[in-house]
Amino acid sequence: MRFPSMIRRNPHEPHRVSTPLELFFDLVFVVAVGVAGRTLLHNEAAGHFSVGLLGFAMAFFAIWWAWMNFTWFATSYGTDDWYYRILTLVQMAGALVFAAGVTGIANPEHPNFTLGISGYIIMRVAIILQWIRAGIGDPSGRKTAFGYAIGIAIVQVYWVLFAVVVPDGIKPWMFLVGALAEIAVPVVAERFNTTPWHRHHITERYGLFTIIVLGESVLASTTAVIEAVNESEQLGDLLLIAGTGFVIVACLWWIYFALPQHELLTSFRTALGWGYGHYFVFAAAAAVSAGIEVALEVETQHATLEAAAAAATLCVPVAVFVFFVWLLVVRPQATTPSNVAMPAAVVLILLSVFAPFSLQITALILVALVAFLTAYAVPHRTKHLN
């Protein structure tokens, strides 16, 4: 059997869409996102907000970064031959091992990174081999590809030492050091020669992952209602929370896709800021599912939280999502009214935490924002697509 060579993809290839393998890859990460969301839920329901948010931020960074590593490689060198498929499946197996370790990563008081880092090692061996193969097959991009391979390997050695040597008390700070090293690898590697990423393909991949993460909120709220109905007679209140949660998630989807995004990726610098900024979009969307479930836990008296604290578990991630979608997507291309309306909506959503019926107020604010963006953004979108 002939060993296939890997060549770079045409960044202007027409009709470039996500492959079945890329969609399959995304589904594996649904598991990790779900585990991280449930861990955040348990911490928030118990009132351990600082610990829960810190653990969630670390766990979700690892999830997001593993997905990013594959996604940006695939847009440049996704040849979809047998060797590429095998190594991608190895990465998926590593992602499942990592997902099993998310609970340990998300517990900064008693951290256990063994499973998570083991999963990362499996994923990293595969992606390093992919970059080496790309460097061999693409002479013009060889320095960049080998730069990625070396950089990823060095940072992975850091994570192994992190798990074995670093005391638990300073692990969150040393995690931050490792995270900064991770995001520095593309900056350094791309200095040699920019990889040929496809604007339409990469924005589609990010959009699909946004849908997957938001889908976790729909699944979580539906499952929670089904379980709660068996234990409670407060069906009307539970359905109100579930319906409100669905309206919120639907509005977040609408806001994210209100304007096209591929026009924003005009250079590696802008693509880097857009891509890295999506950490907050994805993490906030994942945290929304925990907020909906916290509301249901409080309603069924499985959690005892102050009204404002319970509302904050949902309203704050919604505000973060809206703010970063405005910052990354809407602000660079929308009209002045839109650039005033979205930050104002963020402030109102945060203030709604202290009002009665916080979730319903947040949903109404989002519905009004969707209507506003539809009125002002659709003509602008037509202009861009033409």
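A residue is called buried when its relative accessible area is under 20%, exposed when that value is over 50%, and partly exposed in between. The exercises below apply this definition to a predicted model.

**Exercise 1.** Determine whether Arg205 and Asp26 are buried or exposed, and state what the salt bridge between them ties together.

*Solution.*
Step 1. The relative accessibility of Arg205 is 0%, so Arg205 counts as buried.
Step 2. For Asp26 the relative accessible area is 1%, and Asp26 is therefore buried.
Step 3. Arg205 and Asp26 form a salt bridge in which the closest N and O atoms are 2.7 Å apart.
Step 4. Arg205 belongs to helix H8 (residues 199-229) and Asp26 to helix H1 (residues 20-45), so this pair ties together parts that are 179 residues apart in sequence.
Step 5. A network of salt bridges links Arg205 and Asp26 with Glu22.

**Exercise 2.** Identify the helices that hold Arg124 and Glu182, and classify both residues by their accessible area.

*Solution.*
Step 1. A salt bridge joins the side chains of Arg124 and Glu182, with an N to O distance of 2.7 Å.
Step 2. Arg124 is found in helix H5 (residues 114-137) and Glu182 in helix H7 (residues 171-189), so the pair ties together parts that are 58 residues apart in sequence.
Step 3. With a relative accessible area of 2%, Arg124 is buried.
Step 4. Glu182 has a relative accessible area of 2% and is likewise buried.

**Exercise 3.** Classify each partner of the salt bridge between Asp168 and Lys171 as buried, partly exposed or exposed.

*Solution.*
Step 1. The side chains of Asp168 and Lys171 meet in a salt bridge at 3.5 Å, N to O. A salt bridge requires these atoms to be within 4 Å.
Step 2. Asp168 has a relative accessibility of 42%, so Asp168 counts as partly exposed.
Step 3. Lys171 has a relative accessible area of 5%, and Lys171 is therefore buried.
Step 4. The pair is one of eight salt bridges in the structure.

**Exercise 4.** Describe the surroundings of Ser358: in which helix is this residue placed, is Ser358 buried or exposed, and which residues does Ser358 contact?

*Solution.*
Step 1. Ser358 is placed in helix H13, which covers residues 358-385.
Step 2. The relative accessible area of Ser358 is 6%, so Ser358 is buried.
Step 3. When neighbours within four places in sequence are left aside, Ser358 is in contact with Ala311, Cys315, Ser352 and Val353.

Notes: Residues numbered from 1 in each chain as written. Predicted model: local features only at pLDDT ≥ 70, side-chain atom pairs only at ≥ 80, totals over all residues. Heavy atoms only, no water. Helix = DSSP H or I, 4+ residues; strand = E, 2+ residues; numbered from the N terminus. Buried < 20%, exposed > 50% of the residue type's maximum accessible area, 1.4 Å probe, protein only. Contact = heavy atoms within 4.5 Å.
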